Amino acid sequence: MESKSFHKQWGAEYVAADTVRFRLWASGQENVTLRLAGEEIPMQPAGEGWFEHQATGVAPGTEYQYLLADGMAVPDPASRAQKADVNGPSRVIDPTRYRWRHANWSGRPWEEAVVYEMHIGTFTPEGTFRAAIEKLPYLAELGITMLEVLPVSQFGGNRGWGYDGVLLYAPHSAYGTPDDFKAFVDAAHGHGLSVVLDIVLNHFGPEGNYLPALSPDFFHKDRMTPWGAGIAYDVAATRDYIIDAPLYWLQEFHLDGLRFDAIDQI
């Protein structure tokens, strides 16, 4: 069974076989240019700070960035995957390409939960989704029934706890691709293991957060938190970005649930 695509309000989304809609909220910019596979394309204003461009002939894996008026190149805040680090190019992803082996998984009763908290980066010497798959039989034999995976959204550097993510929709590139994470969840379900993901929505890490340059209105400068200016949840575009994140992870990765960290700060 192929994957279903969760269409986010922000980001690069396939709208046809080889056609991608690029959509960015950049209320702090007068113009934005899309750099797509080395070509620079002016994006069209779409009202209320939104910029859009629809491109054809875009293959999965194509690299892209946004160029700001001062020439700075930034990743897509709604990137589904990064080429490498949090500051570099994003990649166009076709989420429908993965074929689920255990698509009929319906989860386990909560009263059976025996939880194992897993940090992908330290669970194996390789620190990847694919390497973690090889260890799942051991956890199942041990009596574990639920894996609680620490945050996997892309953060600065290769290794860390994951609580300083800045690209909330992109699995951390050092761990693997979106399809690698799907394969991990799929394999876990095959061993009778539920998968719950820790997710952080109330702040961004210190490296790779370009939202203040794109849209200063994303944050409330007069409401400070331990991590900086508070997120402006009362702004429609901000709200779309934050609300789409848990729905995206749940639906597109067939997760059994989410654990919201530091929810009291939202």
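This is a predicted model: local features need pLDDT of at least 70, side-chain atom pairs count only at pLDDT 80 or more; totals for chains, interfaces and linings use all residues.
How many of the six residues of strand β14 (residues 194–199) are buried? Six of the six are buried, so strand β14 is largely enclosed by the rest of the structure. Here buried means under 20% relative accessible area, exposed means over 50%, and partly exposed lies in between, with a 1.4 Å probe and protein chains only. Strands (E, at least two residues) and helices (H or I, at least four) are DSSP runs, numbered from the N terminus.

Residues are numbered from 1 along each chain as its sequence is written, and side-chain values use heavy atoms, with hydrogens and water left out.

From β14, S194, V196 and D198 point one way, whereas V195, L197 and I199 point the other way, and all are buried. The strand has β11 (residues 146–149) as a partner in the parallel sense over four bridges, two strands being paired if DSSP finds at least two bridges between them. In this pairing L147 stands opposite V195 in β14. β14 also pairs with β17 in the parallel sense, again over four bridges, and there L197 stands opposite L258 in β17.

The loop that holds H254 runs between α6 (236–252) and β17 (257–260), which leads us back to the helix. The 17 residues of α6 should span 24 Å at 1.5 Å a residue, and its end C-alpha atoms are 23 Å apart, which agrees; the expected span is 1.5 Å times one less than the number of residues. At D244 the helix α6 bends by about 25°, and a proline, P246, follows within four residues, where the bend is the angle between axes fitted to the seven residues ending at a residue and the seven starting there. Both D244 and P246 are among the buried residues of α6, which also include Y241, Y248 and W249.

H254 itself has a positive phi of about 55° although it is not a glycine, and at 23% relative accessibility it counts as partly exposed. E48, in the loop between β5 (44–47) and β6 (50–55), likewise has a positive phi of about 55° without being a glycine, but E48 counts as exposed, at 75% relative accessibility.
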